[in-house]
Structures are given as C-alpha cells and as structure tokens.
Amino acid sequence: MDRTIGKPLPRLEDARLLSGGGCYSDDFSLPDQVHGAVVRSPHALARIAAVDARAARTMPGVLLILTAEDLHADGLQPVPHAPMAISPPDIRLDNSDGSPVRIVRPAILADGMVRYVGEPVAFVVAESHAAAMDAAEAVEVDYQPLEAVADAQEASKVPERVVVDARVGDAAGAAAGFAKAAHVVRLSTSIPRVAGVPMEPRAALGAYDDASGRYTLRTGPGGVGRARRELAIVLGVPPEQVRVVARDIGGNFGTRNYFFPEFGLVCWAARKVGRPVKWSGDRREAFLSDYAARDFHIGAALALDADGTFLGLEATSLSNLGAYTASFIPLTKGVQLMSSLYVLPAAARALGVLTDTPSTAPYRSAGRPEVMYVMERLIDLAAQAHGFDRVALRRRNLIRATPHTNAFGITYDSGDYAGTLDTVLALADWDGYPARREESSRRGLRRGLGLSGYMESQSGAPQERAEVTVLADGTVEVVIGTLSTGQGHATSLAQLAGEWLQVPPERVRLVTGDSDRVTVGAGSHSGRSVRVAATTIHQAAAGILAKAVDLAVQSLEADRADIAYADGRFTVKGTDRGIGLFELAGIHGPIGDAADLDSRLGSFPYGWHVCEVEVDVETGAVAILRYTAVDDVGRAVNPMIIDGQTHGGIAQGAGEALIERTAYDTSGQLLSASFMDYALPRADALPSFVTALSEVPSTNHPLGFRGGGEGGITPALGVIANAVVDALAGLGVTHIEMPMTSERVWQAIQDARGAA
C-alpha cells in the first residue's frame, strides 16, 4: 500500500459536513426538554443587594429560577480554574517577593458581587425559549454599582488587583549587555483584546437520570475529559456520575477549552426540574461572556553593539486576566519565548492583573504572537534608527546550533532557522521588491515590505491514551481523547493509523466525543493533537500487528518466520496463501490494543513570514498584496490540511493587526457586542497566500512530529506591522499601534508630517 503520511488527502469528513450531516452544539435535542435563559449583569462591578424573582416565577411556563442562594443550599462549588502551566517544558511564574500567587475562581452564578458585564446572576428555566427569555427580563436585581477598572495598566496600580508578579530570565546578563550597548531601542505597546468569534455561539443541553444519579452534558467543549472532570467538581459528585458528549464543534482556537457556567447550570437545573434543560446562547452573549483573548501591554528594550549584535533584551509583560484567574498560560508561554530565534541574554517581568472584564484564556498560539510582534518590531526599529539592513541584522543574531537553551531556560529541540529564512526570501522574491515598490509609487500608493521570524512552544496536557481496534466489519476504531474542532482529525489521524496498520484511511473511524468511551485525554490545544495521537496510535498499532501475527500463524498453520504482512494482508512467503487483517478479526473477534502517554517534552515549531502591503496616504487604507510563509512542522501528516491551518492563522493575524478590537469604555461597558461594531477579516481583503513547509524532524518526539496549527498566526502581527511601518517610514512614521485601522494609519501620517 502506498504511504499515506505526508500525502495531501482530501478531508474525509467534509462530505458529511457540507451535506448537512454535522451535529453541532445547538443541534442536540432530547424528548421533553425545557429551555434556560441567563440573567446577566449590566454592570462591570457591583454588589448584589437582592435578587427578586417573585414576579418572574408566576409567569406562564416558568418552572425554575436559580440564584446564588440556591447555589449555597445545594452545595455547588466554584469553577476549578487551574491557571498555572501544568508541566515542563513551560516555566513557572512565582511571585518575586515569595508570596503565593493568588487564584480567584468564579461561582456559576454571581455570589454577592458581579465583576464584569455579562456575568451570570440567575438562571431561568421555562417550557419554551421565549418564555425563559421573557421571565429573565422580569427578574429584578438590586445592584449597588462600584467604580470599575477595565484597563490593565490602571489595574496594575492597585496592589489588590495584581495576582502574579514574577521575574524570569537572565537579569544579570541582560543588564551587562545594556551597560556596554552602543544602541538601545525601546517599544511600549498594547496588544488589544480580541474575541474568538467561533462560527457557532455556545449551547449546552443537560440531563439527569434519577435512577442512576448520573448527569449527561451535551455541548461543544475543547475536549470531553476536562469538561467532565470540572463539571463533577462543580456539581460535587464523583466523575463517574458525569458524562460529557460532543460531536462537531463550531469553532474554538482555545475559547471553548475552559469551563463555562452554563455547563453547570443546565445539569443542575435538569436535576431540579426532572427534565432535560437546554440553553442556546446568541452572538451578543458570546461577545459578553466568552473567554477573551490577547490583551497585553508590553514594554521592551533591545540593546545592540555598533555592529548590530544583540546584547540584551529587557521587558515587562502585563496580562489583563479579566475578572478571574482562568489562565496564566498566555503570560507564561509569551515571556519564556521573548528571545525568539535569536541569541541574547534576556530578562522579563511578568505581571497578571484582575480587571472588571471577562477572563482571558489561551487563544491560538497563546502569548506567542504578542511577544514575536514585540521582538520583530524592536528589530525593525533598530534597523530603521541605526541604518542596519533588516535581513542582515536578523541573520547576524540567529541561533546557529540546536538544541539551544534560551535565557528563560527553554530548550529548543531542532531546527534550520537560517535555511528557512533563505527559503522564505526566495519564495517572496525579496530582491524583486524595489521594482514592485516603484510600480505602486507610480499609482500614488506607498508599498511596504515586512519580515518576521517566530519560535513557537507546544506542550499542553501531557496525558493521552489511544485505544485502537480492528473490527470484523472492515473498519478500524480509534478511541482517543483529543477532539477535533475543525482541524481535520478524521483525516490526519486516519492517515496515521492507516499507514501503520496498512489499511486505507477511509476505513478508520475516530471516537473522540464521549467521556464514557474516552477515559484519558485533554482535547485539542497547544498543538498537541498530532504529537500525542501519533505516539499512542503508533504504539497501539504495533501491538495490534504483534497480536495479529500470532493469529495469522494459527490460521495459516505456518511458522512465524514465514509470515509476511503488507497491504492489510498476512501471507506465507513464497506461496499464494494468505489472510486479511479484517478476516482475522471476523474469525477471532476484534483485535485491539491501547497505549498511554505522559509526555513532559514540548516541541518548538518555527518559521518566517514575509508580507507586502500598499497604503493609501490620503485615506490610511491598508491592502495586503502578497504574503509568503515558510513553517516547520517536523513531519507533515497532511500538507493540504496544514496549508489550510496556515491560511486561517494568517487571516486571524491580519484581523488582529488591522481591524479587530474588543472595546470597553472606562466604566467597563462593552462597546463591541455585535458584528456591527466588531470587525472581522474577509476573504476579499486577503491575497492568495504562498506557503511552504520545512520538515526538520523534532528530536523531542519519537516520530519527529511537531504541531502545525499555530504557525500561521504566530508571526502575522509582527510581519504585517513591519510592512505597514516600512511603507510609511519615508514619511517619518516609526510605529503604529494595533489594530492599524485606516484612521490610526491616517493619523500617524498626519502626526509624522506635523513633526517634520
């Protein structure tokens, strides 16, 4: 059989999804179900003096109204957020003064205080969705508003709001570098908060079986294992009394990986009313209450000698955690990679603060796009201010040998950083840029060229298990804890199992979305899916073939040494006698094996992107004309799927760089709660991308794999910003804050002309 790993096979799941065969969160329904609605806070920070649901309870169809008073009576627990990175290779962020890091966890209904606009205060259950919504509006809450803080820089001035303040890296080495520097460039910048805006708003359906005492949650999480474990904690029951079921997920990129209050509310309410309870969120609720992303302020300085050698990096990274400490991972993964692909001593202060906004959580390449943007902007600032060639400056300071341990103690596994730089410059026709710039100039437009490298860190939950079974019906079942949220697992993981068992990938069927079947696993995040799936499926497949050989020996009455296996069939060498793998399963029963993994090693994808833009100086409008990407994934399982992931990541990065921003006023009111106010990139605003893969096997993975889903977005902020500033450098523009909207670009041009 031809190899399947490395082939650009069309996605096996697409025909089902495109023909209406998908089952997303809101598609779940059960007989006799009722409907829930959430009463949400209109204030960013307020005491709850009283909740009066008397009038609402008398409305037609209303079955139940839950408040914090019921929460206490039934003994429900807070959401068990565990914000720290859970294992190496990620570093720990410990307070530099020795005090413990403070963890603040939310109840599923606000208890005495609301801390962001949209926080759940009460849950209404009624016979219909409309009746539940009407009754929710009739619940009267007596709020005592307090002065809210939505901005992280303002919050950092209030000691009680600072929950983590760590210093990491090589402070002495960086200080020594600055002491002898010929040049120092500085950047103080904000990376705006953005929304994940998944295709489908969240929904959840809870059921309770009184006879068994079991809860079942049907929803669209990032993985069923974590949702089950945390739901059991909230409900105060053993995990065995909870089942979580997921089918198709309408978008994620991290925003669905964490526990949502509605998970607990529908299950709790189902037990109270004795019927299944369904909650369906709308887009406005998603903007108000989904986990948010990014929201950093970073101040950094880069020291160089007269020849351009990097001597030191010093930075302060300030993370807006929101109202509760859902995650320090974006802060952690960002600071530990601040030195990127370059050799230099570096030190960072990592601050996490609470504000009166929804909590932030990991979102595609959490923390890495922010710090790569800062590092690459610093390099371009140094080149612009001191006359260095941008490419030569990067090349001079590149890591040349791996493994390499950076200043924060992170050891990069393997890579050809210089070679991929050469590749992207050739693909982008870097040397042909002056002619293209001149052509733009003749049309009255300013053209800019940007370059950005990146280093990515992939770790995530270390445990995974694969149970692989060959069945008599001609299929291979793979039960595994990673869960596709659009990444094409039904194809790429089938390619893995197909190659190692030598069966066609279309014979492989994944089981991933039922916690009664999936006993171990943490879903999709941090580029872990292919890495952990490859290891466990490979081991299980080897175990299956070892068992199948014994069965073939029996069936064919031959010596083991005379048995050969190819194309899903065992044969006796030199004869025409043979038996197929699926035939053996039909005779002897299912042939299965399982493999467990506990991996504390990460992988470190890397790459380079080049972007060209045109800027209209009269309007400030920016158009991306060319975009070239070279990304290393170790080994590519399905290059076409990786290209699709890269395309999506670039589009997300373009949105963040140019137009996306979750905006709050000074009182914590959300100003961008619909697509009327929150802009998204569109296909007609993007060019066709030129992408290529580098495949330097990871030395930290037994099969050489790295993840491939986050390379598109990680350098995108920096490369687009560098291109825009390059276009306007001749006018005296040195920096523009993101998002680089046409208004901001136009204003930067006016400011530069005024300064001139």
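Is Gln502 buried, partly exposed or exposed? Gln502 counts as partly exposed because its relative accessibility is 24%, where buried means under 20% relative accessible area, exposed means over 50%, and partly exposed lies in between (1.4 Å probe, protein chains only).

## Basis of the report

This is a predicted model, in which local features need pLDDT of at least 70, side-chain atom pairs count only at pLDDT 80 or more, and totals for chains, interfaces and linings use all residues. Residues are numbered from 1 along each chain as its sequence is written, and side-chain values use heavy atoms, with hydrogens and water left out.

Helices (H or I, at least four residues) and strands (E, at least two) are DSSP runs, numbered from the N terminus. Two strands pair if DSSP finds at least two bridges between them.

Strand E9 (residues 203-209) pairs with E10 in the antiparallel sense, over six bridges. In this pair, Gly206 stands opposite Leu217 of E10. The hairpin of E9 and E10 has four residues between the strands, and Gly213 takes a positive phi near 70 degrees there.

Strand E10 (residues 214-219) also pairs with strand E11 (residues 242-245), in the parallel sense and over four bridges. From E10 the chain passes through helix H7 (residues 224-235) to E11, a right-handed β-α-β crossover. A crossover is right-handed if, with the strands pointing away from the viewer, the path from the first strand over the helix to the second runs clockwise. Leu217 stands opposite Val244 in E11, and the bridge partner of Thr216 in E11 is Arg243. E10 is mostly covered, with five of its six residues buried.

## The five-stranded sheet

Five strands form an open sheet with mixed pairing, in the order E7-E15-E14-E13-E8. Its edge strands are E7 (162-169) and E8 (183-194), and each pairs on one side only. From one strand to the next, the twist averages 10 degrees. Axes are lines fitted to C-alpha atoms, for helices over the stretch in contact, and angles run from 0 to 180 degrees between N-to-C directions.

Within this sheet, strand E13 (residues 293-304) and strand E14 (residues 310-322) run antiparallel and are joined by nine bridges. Ala300 has Ala315 in E14 as its bridge partner. Helix H6 (residues 171-179) lies across E7, E8, E13, E14 and strand E15 (346-354), and runs at about 125 degrees to E14.

Asp632 is found in strand E27 (residues 622-632). Asp632 counts as buried because its relative accessible area is 1%. Contact means heavy atoms within 4.5 Å. Leaving aside neighbours within four places in sequence, the residues in contact with Asp632 are Tyr454, Pro605, Tyr606, Ser694, Glu695, Val696 and Arg706.

A polar contact is a pair of N or O atoms within 3.5 Å; within protein, one must be able to donate a hydrogen and the other to accept it, and residues adjacent in sequence count only if both atoms are side-chain atoms. The side chains of Asp632 and Arg706 are joined by a polar contact of 2.5 Å. A polar atom of the Asp632 side chain also lies 2.9 Å from the backbone nitrogen of Val696.

## Backbone details

Which peptide bonds are cis? One of them runs from Thr402 to Pro403, with omega near 0 degrees. Pro403 is found in the loop between helix H12 (390-396) and strand E16 (404-405). A cis peptide bond also joins Met738 and Pro739, with omega about -10 degrees. Pro739 is placed in the loop between helix H19 (716-728) and helix H20 (742-755).

Arg294, a residue other than glycine, has a positive phi near 60 degrees. Arg294 is in strand E13 and counts as buried because its relative accessibility is 4%. Gln502 likewise has a positive phi near 60 degrees, and is found in the loop between helix H15 (489-501) and strand E21 (508-511).

## Helix H16

Helix H16 (residues 529-556) has 28 residues, so at 1.5 Å a residue it should span 40 Å; its end C-alpha atoms are 38 Å apart, which agrees. The expected span of a helix is 1.5 Å times one less than its number of residues. Just after H16, Glu557 takes a positive phi of about 50 degrees.
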